[in-house]
Amino acid sequence: MGPRGAARLAAGLALALGAAVALGLRHRHRDPRGGGMAAAVAAGGEACGGLRGVPAALGNNTHQCVFNDLSGSVSLSWVGDSTGVILVLTTFQVPLVIMSFGQSKLYRSEDYGKTFKDITDLINNTFIRTEFGMAIGPENSGKVILTGDVSGGSRGGRIFRSSDFAKNFIQTDLPFHPLVQISYHPQKSHCLLALSTENGLWVSKDFGETWEEIHKAVCLAKWGANDTIFFTTYLNNSCKADLGLLELKKTSDFGKAFKVIGTKIYSFGLGGRFLFASVMTEKGTTRRIHVSLDQGETWNMAQLPSVGHEQFYSILAANDDLVFMHVDEPGDTGFGTIYTSDDRGIVYSKSLERHLYTTTGGETDFTNVTSLRGIYITSVLSEDNSIQSVITFDRGGEWVPLRKPKNTTCDSTARSKEECSLHIHASYSISQKLNVPMAPLSEPNAVGIVIAHGSVGGAISVMSPDVYISDDGGYTWARMLEGPHHYAILDSGGLIVAIEHTSQPVNVIEFSTDEGQCWYKYVFSKEPIFFTGLASEPGARSMNVSIWGFRGNFLSRKWVSYTIDFSELLSRTCEDKDYTIWLAHSSDPSDPSDGCILGYKEQYRRLRKSSVCQNGRDYAVTKQPSVCPCTLQDFLCDFGYYRPENQSVCVEQPELKGHDLEFCLYGRRELLKTSGYRKIPGDKCSGGESPSREEKDMKKKCTSNFLNPSQLAASTSSTPIILAVVAVLLVTAVAGVLLVKKYVCGGRFLVHRYSVLRQHAERIPGP
């Protein structure tokens, strides 16, 4: 997968295709079989004002492509931003007794998927290994790397490289067999790193033309800041056998010099500006998490509750000044506690108890709402084992239930028909095979918009959900569509499209130009298809959406795509009169502090719901911030304190009452004197409330040999309460990689496959 992660895919269910009898590609512009439209209907069921000329505008801009290949899966990847270039890789593989037979076809589009050209000859008809995906270079570098399948006796692997947005490819034979996808330098796309199947670390500084092995016995490698490469090495046997005895090293000059920055390493990870390492203690049965802000030159132990060997922890999100950490509860409970860090990633405060994170399924509903700052949604497991949704608007300072949408009634899970809340279906529901095709969706440039499947009641219901939308970041909600749907955001929120999730063939797409209030139905083909997913360019700026699926019987199935361009329908470019000023996080306009979140207000310029026009690709979110005076809402509960459910006051954790709170910071013993509050990282308030807090240097050194004798450790004194991480980490089967959940969704790669697509980072428990 490319450095920008997995692309937004509105296809929860991907279906396999059988063999097709013919090969080739067929286009049909202005599909004559489409073009019908049903009346526009509001979300509440009443009729609403309609757009004119929909059948003609969309009928003239619906483009069909049929892929008559032997294809069991289709992979799509966008090459560059706003280039219109899409690569489609179809693959078909049959495992035989001794070997497997496979076939790949590669197609390229320059018009956002309206037409495709077969370019398989550019890769010499080589079978492409789909487990490596299509490695797309960062930003608009135009670079693409495909990894080919070679015969078992070959000296090394084979890649196909392109530097011109896949117009041409160069075949390159490698001096090694790659273990995982080749990784681009985040800023210098000509610099690459790769791990070999023999655990060698290889680098290239000329976009893969030549390679140099810079280290052997490598388990995991990652790009850091600038030209730094972090990696772990084993000393004796193998990555798996030496877990907990690995060395963490770095090089800043592509292997000319190395520095050991940690020993007794179990795993490591990067998140924001933080470098995390899991380090074995002297007993060899437990681990502790250490954090570095200077690329491993110095380390500090994270001040978190100890956990036993049967437990785990997970970094849910991390940016430059805050870490959300989940710590599992003892026993197979399926829940744990979320802690949030200070801006150093060292001191943590309890944020949310009974956070749902299953030890068996490995799924969490933790979701970052990217359309407005400071907002996260997740699920908690209540005392009666029901699952309920909660939301925070201030980066974990306080969690509350989601408000009940207007004009809805509570279902049977609620005690009252009028008093209940909205509960959101996310990754856990998808993992449990509920009828939920998509996780919640938000986009940074579609301000305030959140779309999600949910139910209204006392807890999440197993019944078929409806689709709900919020236009204010999750403060208020409305039912948008009845029943489960696939959905996508286009034109920076000016256009929303959806297709019903059903096992039956479909030929209707729905769309809305007013943030889900009114919906139009367009028949894109008279002959229905078995739908597998919506595909739109990452970034939600496009006016095009592609509908993917297949038709035909078992022996003659073929992939088909319909790309619809809405530009002609929404042909008018939005003007100043189409926008309005909107205060984010507003609930009481009469309150002087209305809209104050994380210390400041923000006024956005937003498109009016009644405006029928096009934001365009050049649309930029504009906002006007203003600083607020500090209140207790600008503070998290400090180390040793927590907020009871539905309370705003921080209280001391019972087990810590009467104890001094000490911790080791940069090799010095610190005594924390606090009234229970610390400012939320990134909060910009000024004046107002100022709870007392002091970190007092006790003039005592604190050393340890967890990483190595010169860097860090904890005191052996047992008198004060000194909390630290002792965690079983989440590792990959290859090399103990610390799980850092993706903080920003988006990217350029998606795959239609046989099973439900995973929308979140995987976790594989350690031994």
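**View 1. Phe67 is buried, with a relative accessible area of 0%.** This close-up comes from a predicted model. Phe67 pairs with Phe116; because the ring centres are 5.4 Å apart and the planes stand at 65°, the pair is edge-to-face. Phe116 is buried too, at a relative accessible area of 5%. Phe67 sits in strand E4 (residues 62-67), and Phe116 in the loop between strand E7 (100-109) and strand E8 (117-118), so the pair ties together parts 49 residues apart in sequence. The structure holds 21 aromatic pairs.

**View 2. Phe231 and Phe258 form an edge-to-face aromatic pair.** Their centres are 5.8 Å apart, with 85° between the planes. Phe231 lies in strand E18 (residues 229-233). Phe258 lies in the loop between strand E19 (246-251) and strand E20 (259-271), 27 residues apart from Phe231. Phe231 is buried, at a relative accessible area of 0%, whereas Phe258 is partly exposed, at 35%.

**View 3. The largest nonpolar core has 28 residues.** Val497, Ile509, Phe511, Phe524, Ile547, Ile564 and Phe566 touch the most other members. Elements giving two or more residues to this core include helix H1 (54-59), strand E37 (495-500) and strand E41 (544-551). Beyond its neighbours within four places in sequence, Phe511 is in contact with residues including Leu51, Val54, Leu58, Val497, Trp519 and Phe566.

**View 4. The largest cavity has a volume of about 120 Å³.** Its lining comprises 16 residues; Ser492, Gly493, Gly494, Glu515 and Leu607 lie nearest the centre. The lining divides into 5 nonpolar, 6 polar and 5 charged residues.

Technical notes:
Residues are numbered from 1 along each chain as its sequence is written. This is a predicted model: local features need pLDDT of at least 70, side-chain atom pairs count only at pLDDT 80 or more; totals for chains, interfaces and linings use all residues. Side-chain values use heavy atoms; hydrogens and water are left out. A nonpolar core is a set of buried Ala, Val, Leu, Ile, Met, Phe, Trp, Tyr and Cys residues joined through side-chain atoms within 4.5 Å. Buried means under 20% relative accessible area, exposed over 50%, partly exposed in between (1.4 Å probe, protein chains only). Helices (H or I, at least four residues) and strands (E, at least two) are DSSP runs, numbered from the N terminus. Contact means heavy atoms within 4.5 Å. On a 1 Å grid over the protein atoms alone, a cavity is a set of points where a 1.4 Å probe fits but cannot get out, and a pocket is an open set with protein on both sides within 12 Å along at least five of seven lines; lining residues have an atom within 4 Å of a point. Grid points are joined across faces, edges and corners, and a volume is the space filled by probe spheres set on the points. Ala, Val, Leu, Ile, Met, Phe, Trp, Tyr, Cys and Pro count as nonpolar, Asp, Glu, Lys and Arg as charged, and the others, Gly among them, as polar. Rings of Phe, Tyr and Trp (its six-membered ring) pair if their centres lie within 6.5 Å; planes under 30 degrees apart count as stacked, over 60 as edge-to-face and the rest as tilted.
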